[in-house]
Amino acid sequence: MEEEKPQIVEQYEHQKAAGASMYFDPMELDEIFHYYAGSSDMDALEDVLKLAETLHPTELVTISLQAEYALMDDRPEECMTLLESVFMEDNLLHLMLRSGALARLGRVTEAISWAERAMEFDDPMVAYDLGVGFLNAGQYSIAIRYYRRCLEAVPDDLRAMLGLLFCLNRVGKAEEVLQCADRALEVDSFCLEAWLAKSGIYMDKEQWKEAEECCDYAMAINPENADSMVMKAQCCLHTERIDEAYQYGQEAAEHADYEQRANIYLFLARLDHERDRTEQAVEWGWKALMTSPDDWELVERVAFFFADAKEAEIASALLADLIRAEGEDATAYQLSVLADQYTQLGRVEDAIAVFERLTREFPTAASYTMMGGAFMGMGRFRKAYSALQHACKLEYIWQTNVLLTLCAHELGWHKAMMDHFTVAYCVDADEACKLLHAIGPQVMEELEKRGIYEYANTWCNNNMRDQVQKGRRQNEDSKNKFI
């Protein structure tokens with residue numbers, strides 16, 4: 001039920017709309033401010049705060065509102081600074097603001113201490129507000145405590161249930177989410193959030209029938225809710241109803257807010273890519289990018305989509321821009337994907353430059369192995385051999401030795417070819433043979449003619465027992481990393 005608008009708020013809005021000169025005392029401004037705070041309307045809050053600063057710049061209420069606005073605007077340090085000059089330990093708002101600011105600053109023990117001081121006011125709504133504060137700070141486990149304390153006093157408080165539901169979801173308490181959602185539905189069977197929460201848990205469990213039933217309830221409650229449409233589309237996708245998934249995805253895009261739209265466009269792009277509708281997939285990808293072209297996280301996701309869709313020209317251009325923007329913060333995965341796109345485009349020198357940066361900034365077995373694989377693709381087997389040897393010095397991975405086997409074969413180094421495959425074979429014989437059969441069957445045939453199995457067993461028993469055991473241990477962590 002929508003909160004009834006107080007008379008003082010109606011008076012404020014009437015005077016503001018008329019452009020009249022306004023005067024309200026500090027307590028009236030406090031009431032107006034907190035009415036808008038209930039809906040988190042930051043523009044309306046800012047207008048009220050400016051009026052308070054104009055009319056009563058040094059009043060306790062004005063400074064308190066400044067601190068509260070700063071915290072709502074995610075400026076906890078500024079909130080703490082403003083509170084310092086006016087802080088009163090018997091002021092409930094001050095106690096909750098200090099607790100919330102400390103929580104956002106990661107000073108959790110202090111935040112809880114001030115929260116407990118606030119709880120001394122013996123009002124269940126204090127527990128609810130503290131739950132909101134810790135939720136907004138990302139301290140979900142602590143928020144759960146306060147929501148539960150509120151529900152102990154007011155068992156049917158739906159707002160507290162929904163806050164608890166959100167936090168339980170974030171900390172991965174699946175069964176408790178279902179219990180909490182069911183309890184919320186006992187209070188209000190038309191609670192959209194509860195149906196969506198249940199659907200999400202069933203989706204995580206891959207119980208698609210149950211998930212879809214919950215989606216259907218949610219869509220019946222609000223047919224224009226984009227979240228329920230997206231979840232319905234996911235259910236359709238996982239039950240192999242691609243056309244239905246696409247239809248619900250399109251409907252979701254029409255009703256989604258600004259932040260949701262890019263993800264939905266990417267979902268549609270992937271569906272079209274799976275159905276070999278390349279032109280339409282690319283169009284959805286561009287639509288996703290155009291929702292916020294300066295959002296580098298979005299640029300990254302779109303770039304990776306184009307890489308998956310084999311649109312190397314577009315993917316490489318986006319990734320190059322992203323990596324320039326990221327500077328020293330560019331990740332190994334970003335660099336490796338860009339190098340791979342350049343390799344696919346035949347831009348050999350560009351790929352090599354990226355691989356050199358990758359191995360310089362991320363000198364891992366993985367980065368050197370990827371570099372070696374790229375050189376092999378270019379037919380530069382000496383370079384590949386050198387890079388793969390660097391990888392082996394950093395970590396004992398059998399897949400790398402299979403690639404070294406191929407390089408040695410191309411270079412005519414038969415003894416090295418035998419030795420490298422022997423290492424891979426002794427670590428994981430079945431997988432090593434399977435991989436080499438897949439990527440170099442003619443090399444496997446040659447090794448078999450040279451008696452590789454007898455050679456490997458003798459070599460392992462006489463020379464490499466300790467190293468092979470070490471390789472087997474490392475193989476548990478790295479198995480299939482480069483396949």
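I take helices (H or I, at least four residues) and strands (E, at least two) as DSSP runs, numbered from the N terminus. The model I consulted is predicted: local features need pLDDT of at least 70, side-chain atom pairs count only at pLDDT 80 or more, and totals for chains, interfaces and linings use all residues. Residues are numbered from 1 along each chain as its sequence is written, and side-chain values use heavy atoms, with hydrogens and water left out.

**Entry 1**

I looked up Arg117 and found it in helix 7, residues 108-119. Buried means under 20% relative accessible area, exposed over 50%, and partly exposed in between (1.4 Å probe, protein chains only). Arg117 has 29% relative accessibility and so counts as partly exposed. Setting aside its neighbours within four places in sequence, I noted that Arg117 is in contact with Glu89 and Leu95; contact means heavy atoms within 4.5 Å. Arg117 and Gln247 are 130 residues apart along the chain, and their C-alpha atoms are separated by 53 Å.

Ala17 belongs to helix 1, residues 7-18. I recorded Ala17 as exposed, because its relative accessibility is 71%.

**Entry 2: positive phi values**

I then turned to two loops. Asp74 has phi near 60°, a positive value in a residue other than glycine. Asp74 sits in the loop between helix 4 and helix 5 (76-84), and it is exposed at 52% relative accessible area. Glu206, also not glycine, has a positive phi near 60°. Its loop lies between helix 12 and helix 13 (208-221), and Glu206 is exposed with a relative accessible area of 59%.

**Entry 3: helix packing**

Two packed helices are described by the angle between their axes and the distance between the axes. Axes are lines fitted to C-alpha atoms, for helices over the stretch in contact, and angles run from 0 to 180 degrees between N-to-C directions. Angles under 35 degrees count as roughly parallel, over 145 as roughly antiparallel, 65 to 115 as roughly perpendicular and the rest as oblique.

How do helix 25 (residues 414-427) and helix 26 (residues 429-439) pack? I found an angle of about 130°, with the axes 5 Å apart. Helix 25 is therefore oblique to helix 26. On helix 25 the meeting residues are Phe421, Ala424, Tyr425 and Val427, and on helix 26 they are Ala429, Ala432, Cys433 and Leu436. This contact has 8 nonpolar residues, no polar and no charged. Ala, Val, Leu, Ile, Met, Phe, Trp, Tyr, Cys and Pro count as nonpolar, Asp, Glu, Lys and Arg as charged, and the others, Gly among them, as polar.

I also checked helix 25 against helix 27 (residues 441-449): their axes come within 11 Å and cross at roughly 95°. The two are therefore roughly perpendicular to each other. His414, Met417, Met418 and Phe421 of helix 25 make the contact with Val443, Met444, Glu446 and Leu447 of helix 27. I noted 6 nonpolar, 1 polar and 1 charged residues there.
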